[in-house]
Amino acid sequence: MQTFTAMRSFVAQYPKTIALVTVTGAGLFGVQKWMAGGVCRSKASLEGKTVLITGGNTGIGKETAVDLAKRGARVILACRDMDRGNKAAEEVKKRSGNDNVIVKKLDLASLQSVRQLAKDVLASEGRLDVLINNAGVMSCPKWQTEDGFEMQFGVNHLGHFLLTNCLLDLLKKSASSRIITVSSLAHQRGQIYFDDIHQEKDYHPWKSYAQSKLANVLFTRKLAKKLQGTGVTTYSLHPGIIRTELGRHFWPTMPLWKRVVYTPLMFLIKSPTEGAQTTIYCAVEESLQNESGLYYSDCAPKTAAPQGLDDEAAKKLWDLSASMVGLI
């Protein structure tokens with residue numbers, strides 16, 4: 001009783017403060033919910049279907065795996081670190097109640113590793129219904145892949161370009177099937193530097209990242225045209241700003257004052273579960289079965305940046321990429 005009386009007294013003494021705190025709290029909660037974005041409402045079952053997710057051991061890849069496993073899919077986690085991959089697979093099994101989750105080795109910074117995974121999948125899997133090109137690296141230093149490609153372009157685009165092409169026959173055999181490539185809003189700031197694709201003259205981590213994410217959008221657009229009439233459809237997407245390991249390279253390089261300012265804002269950005277929703281939507285939403293080559297965000301189609309709609313650039317990038325990975 002005394003506690004209740006004290007609370008009433010405090011409220012009566014500081015009504016404006018209480019009102020301000022209440023309104024601020026409600027506002028922050030509303031902003032957080034708005035930032036969380038759309039939610040996939042589809043109840044589609046994936047019983048009898050097989051899904052392969054690159055980078056499925058962490059972040060939105062793992063949350064996507066949990067959701068699709070809950071729907072009954074056989075889920076293949078294609079991971080660079082097998083120890084982490086196996087731990088993630090056990091977590092996915094436990095959370096989904098589905099034991100049909102396996103791990104296969106994939107290092108997207110190695111074309112040999114990409115080809116080996118594709119060879120393994122083609123030999124061991126009778127079908128592939130959904131390929132999710134999810135893995136990526138963001139804003140890393142000026143590194144090179146095993147084959148000498150600039151790391152972000154090599155991992156985010158070329159590795160997935162080769163993997164997708166190597167698995168196309170199996171995807172066609174399993175039609176209707178889907179290919180989903182996780183891009184980013186950063187594609188809006190990107191351009192393809194055809195005269196300096198590895199940015200050897202002027203490397204900047206964010207510039208390279210934007211180029212690789214634009215490449216994802218152009219790849220999806222060109223792939224859709226090549227797959228017309230096959231029953232295989234393609235989708236690129238922006239998952240949102242998410243609390244994941246993807247920012248591990250740029251966060252330590254930020255000035256201390258920026259980290260201090262940005263840390264409270266972490267509350268407002270998406271969790272991995274929220275960030276996975278658009279990927280899941282593109283993988284299962286029934287109404288998308290006859291859509292292909294489009295760009296999505298918050299579980300809805302969005303218009304890509306003008307440079308992401310450039311069919312001439314998409315063809316030029318396709319031909320260059322095919323040459324670089326040895327497909328032509």
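Strands are DSSP runs of E of at least two residues, numbered from the N terminus. In the predicted model described here, Ser236 lies in one such run, strand S6, which spans residues 232-238. The chain as a whole contains 11 helices and eight strands.

Of the 328 residues in the chain, 52% are buried. The accessible surface amounts to about 16,000 Å², and carbon and sulfur atoms contribute 55% of that area. Among contacts with a separation of 6 or more, 77% are between residues 24 or more positions apart.

Ser236 has a relative accessible area of 1% and is therefore buried, the cut-off for this class being under 20%. When residues up to four places away in sequence are left out, the contacts of Ser236 are Thr181, Asn216, Val217, Thr220, Leu294, Tyr295 and Tyr296.

Salt bridges were searched for over the whole structure, and 13 were found. One of them joins Arg95 to Glu63, with the closest N and O atoms 2.8 Å apart.

Other salt bridges are formed within a single helix. In helix H4, Lys93 and Glu90 are three residues apart, which means that about one helical turn separates them. Their side chains meet in a salt bridge with an N to O distance of 3.4 Å. In helix H11 (residues 311-325), Asp319 and Lys315 are four residues apart, again about one turn of the helix. The closest N and O atoms of the Asp319 and Lys315 salt bridge are 2.9 Å apart. Asp319 is partly exposed, with a relative accessible area of 35%, and Lys315 is also partly exposed, with a value of 43%.

Terms used. Residues numbered from 1 in each chain as written. Predicted model: local features only at pLDDT ≥ 70, side-chain atom pairs only at ≥ 80, totals over all residues. Heavy atoms only, no water. Buried < 20%, exposed > 50% of the residue type's maximum accessible area, 1.4 Å probe, protein only. Contact = heavy atoms within 4.5 Å. Salt bridge = Lys/Arg side-chain N within 4 Å of Asp/Glu carboxyl O. Areas by Shrake-Rupley, 256 points an atom, 1.4 Å probe, with all protein chains shown as cover.
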